[in-house]
Amino acid sequence: MNFKKFISSRKGKSAIIILILLTVFIVYLLYLISGLPSLEQLENPKQELSTKVYSVDGEILDYFYIKNRTTVPLSQLPPHLVNALIATEDRNFYKHWGVDLPRFVRAMIKNIFTGFSEGGASTITQQLARNLYELKGTRESFFKTITRKMREFITALQIERTYTKTEILEMYLSESYFGRSAYGIASASQIYFGKMPSKLTLTESALLIGMLKGPATYDPFNHAERALNRRNTVIEQMIKYKFITDEEGAQFKKEPLNVIPLDKNLHAGIAPHFVEMVRQQLLQKSETYGFDIYRDGLSVYTTLDSRMQKYANRAVEEHLSQYQAAFNKSWNWKNHKEELQRAISMAIRTSDEYRNAETGAERDSIARAFRRSAKFIDSVKKTASRIEVGFVALNHENGNILAMVGGAEFKSFKYGLNHVTQIVRQPGSAFKPFVYTVAIDNGYPPCYQILNQPVTLIMADGKRWTPQNFDGKFGGMCTIREAIKYSINLIAIRTILEIAPVSTVIRYAKQ
C-alpha cells in the first residue's frame, strides 16, 4: 500500500491520532512518575523533628525546632483520639488499601465540574502522602491539580504496601499540622492543653482532630465559637459511627474548650538562659559533627537540675522585688539626667519604627515624637533602672552547672544577654577567697588577726590610692574568718601586702 495514500486515508488519520494520543499519554506518564517519591523516601521518610533538651533529673527544659514535631507511638495515644480521627477523616480506613475508590471517583467527578473548589475525599493515607512527600500545592492550574491528585493516589497505594495501618496512623498524627507551630499531636497537646497526648480527654481530642481541617480557621484562641462548633461536629461523627452513644455525645458537647491561656504558651521555660547557652554550643558543634538541631530530633542531656532551677527562680523573684523597691526609693532621675538622655537615645535608635524609616527626615520626626511621649519616657526609665541578676549554682568537683538564672526577665527571655556568661565585670569581692587561701596555705590560721585600718598605696602611675571599707568604718584587729565572712576590703588588702605574696595569689587564681 502506498504510504502517502494510507496517511491520507481514514484509517491512516485514525492511526496518527492514536499515535499522538499514545505519545502524549507516555510523556504525561513519565512526567507523573518523575514527581513521585523514590523507594528510599517511601521506606525512610525524612521528618523534621524538634530537638529536646533534658535536665539531669529527666525533665524537658525546652525544644529547638523549625517545625515543632515529636513522634509518639500509637500505643501511647488514647483510643478516643484515633476514633475521632477515623470518624471524621476516613471511616473506611481499616477497609481500603490507601484509596477509598468509590468515594475518590465521586469526588473527582464532582470537583471537575466545580473546578476543584470542593476538595475532600482524601483518605488518611492520601493526606499522609500529601504532607509527608510535599505533594500539596496552592493556586494550581487544573492540569497541576489533576496531576497532584494522581500522584497522591499512587503514593497512597505505595504507602499501604510499605507500612501497616498502625504505622500509617502514627506517622499521620506525628506529621499533621495543628497550627501555632505545632506539627504532630505531641506538640499540639502541649501547646493547647499543656499536657502529654496520652492524657487528652475525648473533647480535647475532638478539638485537635477538628482543627486538622483548617488550623487557622478553627484556632480556639482567635475563633473560640467556630472551634467549639467544629469540635462538636467531630463528636457528632463519633456518635454517627458508633464510637460513643448519643447520651455520651450530648454530655461531651456541653463541655467548654478548656484550652490553656495563651500567655502560658509564651513561657520561656524554667531555664531559658541556660538553654540558650546550650543552643549556641550545639550550633558550634553542628558544623563539626554534621547535625541540624532544628530538624534532626536530637535528645540533649544536660547537667542542670530542674528542682534546683525552680528554687533558683523563686529566690531571684523574691529578692529582686525587694532590691528593686529599695533601689527605686533611692534613685532619682533628676540627679542622672545625662544617663537618662543616653538611655532614651539608645531606645529610639533600636526601635523598629526608627530602624525601618527610609529617610533621615523620617527618623528625625520619629525621634521627636518619641521624646515628646510621656509613656515612652516612662518605659525607658523603668527599663534603665531595672536591677539585673546573674545566678549560677555549680558542682565544684566537676564544674557541672546545676542551676542558672541569667537575668531579671527570665520569664520572658528571648535571646538577650546572659548575665552569668556574657557580661564582663570586675571580680570584686569574688577574688578575696584566692587571697585568703594563699594566706592559709602559707600557715596562717583562720583565727589570725590583721589590723583593720586604712592604708595608702602608690600605684604604678605614681598616683596615691587609699581604699576604704564598703560601710566606711574601720578600727581594731580582725580575724581572717571574720574578714571573709563580712567581705572587709582593708583586711584583704593588708593580707596581700603582709602574708599572701601577689605572685602566689595570681598563680592560685589561674589554677
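The largest nonpolar core of this predicted model has 45 residues, and those with the most contacts inside it are L85, I124, L173, F178, I185, Y192 and L208. Such a core is a set of buried Ala, Val, Leu, Ile, Met, Phe, Trp, Tyr and Cys residues joined through side-chain atoms within 4.5 Å. Two or more residues are given to this core by each of α4, α6 (124-132), α8, α9 (185-193), α10 (202-211) and α11 (224-240). In soluble globular proteins, nonpolar side chains tend to be buried together.

The model is predicted, with local features needing pLDDT of at least 70 and side-chain atom pairs counting only at pLDDT 80 or more, while totals for chains, interfaces and linings use all residues. Residues are numbered from 1 along each chain as its sequence is written, and side-chain values use heavy atoms, with hydrogens and water left out.

**Overall architecture**

- The chain has 23 helices and eleven strands; helices (H or I, at least four residues) and strands (E, at least two) are DSSP runs, numbered from the N terminus.
- Of the 511 residues in the chain, 39% are buried; buried means under 20% relative accessible area, exposed over 50%, and partly exposed in between, with a 1.4 Å probe and protein chains only.
- Among contacts in the chain with a separation of 6 or more, 66% come from residues 24 or more positions apart; contact means heavy atoms within 4.5 Å.

**Packing of α4 against α8**

- Two packed helices are described by the angle between their axes and the distance between the axes.
- Helix α4 (residues 79-89) packs against helix α8 (residues 165-175) at an angle of about 90°, and their axes are 12 Å apart. Axes are lines fitted to C-alpha atoms, for helices over the stretch in contact, and angles run from 0 to 180 degrees between N-to-C directions.
- This angle makes α4 roughly perpendicular to α8; angles of 65 to 115 degrees count as roughly perpendicular, under 35 as roughly parallel, over 145 as roughly antiparallel and the rest as oblique.
- From α4, the residues L81, V82, L85 and E89 meet L169, Y172 and L173 of α8.
- By class, the contact of α4 with α8 has six nonpolar, no polar and one charged residues; Ala, Val, Leu, Ile, Met, Phe, Trp, Tyr, Cys and Pro count as nonpolar, Asp, Glu, Lys and Arg as charged, and the others, Gly among them, as polar.
- Helix α8 is mostly covered, with eight of its eleven residues buried: K165, I168, L169, M171, Y172, L173, S174 and E175.

- L74 is found in the loop between β3 (68-69) and α4, and counts as buried at 15% relative accessibility.
- Not counting residues up to four places away in sequence, L74 touches V82, T166, L169, E170 and L173.
- The C-alpha atoms of L74 and M171 are 9.3 Å apart in space, although these residues are 97 residues apart in sequence.
- Leaving aside neighbours within four places in sequence, F178 is in contact with L173, G184, I185, A188, Y192, L208, M211, L212 and P215.

**Packing of α10 against α11**

- The axes of α10 and α11 come within 8 Å and cross at roughly 110°, which makes α10 roughly perpendicular to α11.
- Helix α10 contributes L202, T203, A206, L207 and G210 to this contact, and α11 contributes A227, R230, R231, V234, I235 and M238.
- By class, the contact of α10 with α11 has seven nonpolar, two polar and two charged residues.
- T233 lies in helix α11 and is partly exposed, with a relative accessible area of 32%.
- T233 and A206 are 27 residues apart along the chain, and their C-alpha atoms are separated by 8.6 Å.

- Most residues other than glycine have a negative phi, and most peptide bonds are trans.
- S181 is not a glycine, yet has a positive phi of about 65°. S181 is found in the loop between α8 and β4 (182-183) and is partly exposed, with a relative accessible area of 35%.
- S487, also not a glycine, has a positive phi of about 50°. S487 lies in the loop between α21 (480-486) and α22 (489-498), where S487 is partly exposed at a relative accessible area of 27%.

**Cysteines**

- The structure holds zero disulfides; a disulfide is a pair of cysteine sulfur atoms within 2.5 Å.
- C447 is exposed, with a relative accessible area of 54%, whereas C478 is buried at 7%.
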